[in-house]
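Please walk through this protein with me, one region at a time. Keep the sequence and the structure in view as you read.

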Amino acid sequence: MEETTEETRGRRSIEFGAAWCIGGLLVAVVTFGQVRAGGVYAVVWSPLAYGMYRIVAGLRLVRKSRGVRPTGE
């Protein structure tokens, strides 16, 4: 089965989103590891939220390219 342009874009979006999620988690873990007792660390939600958005958008593109109808339609 040949991969369509839409499916390729979807897969790249999923990969890009996963990279953003991993990066956000990495920042949170590294800053948490550097905290002394009673210190402050950063929980970075923006990269995680953006990564999840890209993953969901990518999954929708892949489903659309394969002709799978979204639920609720």
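How many aromatic pairs does the structure hold? It holds four aromatic pairs. Rings of Phe, Tyr and Trp (for Trp, the six-membered ring) pair if their centres lie within 6.5 Å; planes under 30 degrees apart are stacked, over 60 edge-to-face, and the rest tilted. A pair of aromatic rings is described by the distance of the centres and the angle of the planes. Take Trp 20 and Tyr 50 as the example: their centres are 5.3 Å apart, their planes make an angle of 85°, and the pair is edge-to-face. This pair links distant parts of the chain, since Trp 20 sits in helix H1 and Tyr 50 in helix H2, 30 residues apart. Ring pairs also join Phe 16, Trp 20, Tyr 50 and Tyr 53 into a cluster.

Some ground rules come next. This is a predicted model, in which local features need pLDDT of at least 70 and side-chain atom pairs count only at pLDDT 80 or more, while totals for chains, interfaces and linings use all residues. Residues are numbered from 1 along each chain as its sequence is written, and side-chain values use heavy atoms, with hydrogens and water left out.

Now the overall picture. The protein has two helices and zero strands. Helices (H or I, at least four residues) and strands (E, at least two) are DSSP runs, numbered from the N terminus. Of the 73 residues, 19% count as buried. Buried means under 20% relative accessible area, exposed means over 50%, and partly exposed lies in between (1.4 Å probe, protein chains only). The protein exposes about 5,800 Å², and carbon and sulfur atoms supply 62% of that area. These areas come from the Shrake-Rupley method with a 1.4 Å probe; for residues, only the protein chains shown count as cover. Look at the contacts too (heavy atoms within 4.5 Å). Among those with a separation of 6 or more, 74% come from residues 24 or more positions apart.

Start with H1. Its 29 residues should span 42 Å at 1.5 Å a residue, and its end C-alpha atoms are 42 Å apart, which agrees. The expected span is 1.5 Å times one less than the number of residues. The buried residues of H1 are Glu 7, Gly 10, Ser 13, Gly 17, Cys 21, Gly 24 and Ala 28. They pack against H2. Ser 13 counts as buried because its relative accessibility is 6%. Setting aside residues up to four places away in sequence, Ser 13 touches Arg 54, Ile 55, Ala 57 and Gly 58.

Turn to H2, residues 45-65. Its 21 residues should span 30 Å, and the end C-alpha atoms are 30 Å apart, which agrees. Its buried residues are Pro 47, Leu 48, Gly 51, Ile 55, Gly 58, Leu 61 and Val 62. The face turned away from the buried side carries the exposed residues Trp 45, Ser 46, Tyr 53, Arg 60 and Lys 64. Just after H2, Gly 67 takes a positive phi of about 80°.

Where do Ser 65 and Glu 7 stand relative to each other? They are 58 residues apart in sequence, yet 5.6 Å apart in space, C-alpha to C-alpha. Ser 65 belongs to H2, and Glu 7 lies in H1. Glu 7 counts as buried because its relative accessibility is 5%. Its side chain makes a polar contact with the side chain of Arg 66, at 3.0 Å. A polar contact is a pair of N or O atoms within 3.5 Å; within protein, one must be able to donate a hydrogen and the other to accept it, and residues adjacent in sequence count only if both atoms are side-chain atoms. A polar side-chain atom of Ser 65 lies 2.8 Å from the backbone oxygen of Val 62.

Finish at Thr 4, in the segment before H1. Its side chain reaches the backbone nitrogen of Glu 7 at 3.1 Å. With a relative accessible area of 35%, Thr 4 is partly exposed.
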